[in-house]
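Visitor: I have a model open and would like to walk through it. Can we start with the ligand site and then move on to the rest?

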Amino acid sequence: MDFLRPATWAEALAAKAAVPDAVPIQGGTDVMVEINFDMRRPVALLDLTTVGELGEWEVTADGLLRVGAGVSYARIIAELGDRLPGLAQASRTVGSPQIRNRGSVGGNLGAASPAGDSHPPLLAGDAVIEVESAARGTRLIPAEEFYLGVKRSALEPDELIRAFRARPATGPQYFSKVGPRNAMVIAVCSFALALHPDERRVGTGVGSAAPTPRRARAAEEFAGRELDWTGAAPLDGALLARFGELAAEAASPIDDVRGTAAYRRHAIAVMARRTLTWAWNDYRGKVAACA
Ligand SMILES: Cc1cc2nc3c(=O)[nH]c(=O)nc-3n(C[C@H](O)[C@H](O)[C@H](O)COP(=O)(O)OP(=O)(O)OC[C@H]3O[C@@H](n4cnc5c(N)ncnc54)[C@H](O)[C@@H]3O)c2cc1C
């Protein structure tokens, strides 16, 4: 197995173009497990840890956060928790401290597992994935269009993930995950919610309850329309129940060793109601403080 070690982003793109079957490795928390268990025997590994740009984040001229694919979960929690609270909350649930120090959102996107914890908050926060190839340059792919199937993404063989871009939170964001225990657990299912009060809109992301992470569009539209954005009145029980139902309807889960489809649907409804309640209570508090 060859081990390719580019020093720059341009070298990494050239290496991927020359050897499209080379498997990128960032934190290695997915790749090394697959190699150790002989699930994968790539012709070459493309080490991205030496590409400095991937470990950086910045605020762009238009105010977006552009976060390099190699920024670890630990750094997202420590450095971006105030601006991307939903993603930071999801990051806190990933693996153990060791996994959070090595693992990255870029790696989570590269793996494109329906159970990946970064996907629901990226969807709820309207993130865009920045990918690049030596031949065709940069493509910006909305998160919703990035996930194509179980462990399949819109990334072409000669492309690498450069970063994700997202607007800093304009309202409360929450993430909730169900698993058999509180740490070191792959989600049985998960749900992320972001309030976008400036647009009177609710963003959602459903995880591990369909072949791909996905948004609960009907639930988003219902809540955006029905919530009392101006008066910030307490949540109505019927509204909350309907929001949960619509979120569950967006899922198309399977029965597997981690949970049944029926349980997943039920849990999505519960998490949707909970995250909306938490977020709305925060929002009401802010509206009251400004009154
Ligand atoms: C013990 C343990 C616990 C875990 N717990 C969780 C958990 O709770 N939640 C969760 O979501 N995941 C979990 N994982 C899985 C893993 O940690 C995450 O998916 C993590 O985000 C992978 O990031 P990485 O940088 O280590 O990726 P890597 O292993 O380096 O790569 C993962 C995939 O992405 C590709 N890739 C990496 N970087 C790029 C790039 N720039 N461009 C294109 N492709 C790229 C690789 O080729 C590979 O296919 C766990 C893993 C372990 C071993």
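Visitor: Which helices and strands each supply at least two residues of the shell around the ligand?
Guide: This is a predicted model. In it, strands E2 (23-25) and E10 (159-166) each supply at least two shell residues, and so do helices H2 (31-36), H5 (97-102) and H6 (105-111).

Visitor: Which one gives the most?
Guide: H6, with five residues.

Visitor: And which residues come nearest to the ligand?
Guide: Gly27, Thr29, Gly95, Gly107 and Gly110, out of 30 residues around the ligand.

Visitor: How does the shell split by class?
Guide: There are 14 nonpolar and 13 polar residues in the shell, plus three charged ones.

Visitor: E2 was on your list. What is the strand order in its sheet?
Guide: The order is E1-E3-E2, in an open sheet of three strands with parallel pairing. E1 (2-4) and E2 are the edge strands, each pairing on one side only. On average, neighbouring strands in this sheet are turned by 30° against each other, ignoring direction.

Visitor: How many bridges hold E1 and E3 together?
Guide: E1 pairs with E3 (residues 44-47) over three bridges, in the parallel sense. Phe3 stands opposite Leu45 in E3.

Visitor: Change of topic. How is the chain divided into domains?
Guide: Domain 1 covers 2-166 and domain 2 covers 173-290. Their C-alpha centres lie 25 Å apart.

Visitor: How many residues are in contact between the two?
Guide: On the domain 1 side 23 residues are in contact with 24 residues of domain 2.

Visitor: Which elements of domain 1 give two or more residues to that side?
Guide: Helix H4 (85-92), helix H7 (119-124) and strand E8 (147-149). H7 gives the most, with six residues.

Visitor: What does UniProt list for residues 1-171?
Guide: The UniProt entry, which is unreviewed, lists residues 1-171 as "domain: FAD-binding PCMH-type".

Visitor: What are the helix and strand percentages over that range?
Guide: Over residues 1-171 the chain is 32% helix and 25% strand. The end C-alpha atoms of that stretch are 48 Å apart.

Methods. Residues are numbered from 1 along each chain as its sequence is written. This is a predicted model: local features need pLDDT of at least 70, side-chain atom pairs count only at pLDDT 80 or more; totals for chains, interfaces and linings use all residues. A residue is near a molecule or strand if its C-beta atom, placed from the backbone, lies within 6 Å of it. Helices (H or I, at least four residues) and strands (E, at least two) are DSSP runs, numbered from the N terminus. Ala, Val, Leu, Ile, Met, Phe, Trp, Tyr, Cys and Pro count as nonpolar, Asp, Glu, Lys and Arg as charged, and the others, Gly among them, as polar. Two strands pair if DSSP finds at least two bridges between them. Axes are lines fitted to C-alpha atoms, for helices over the stretch in contact, and angles run from 0 to 180 degrees between N-to-C directions. Domain bounds come from an automatic or database domain assignment. Two residues are in contact if their C-beta atoms, placed from the backbone, lie within 7 Å. UniProt positions are given in the numbering used here, feature names are shortened, and annotations may be inferred rather than shown by experiment.
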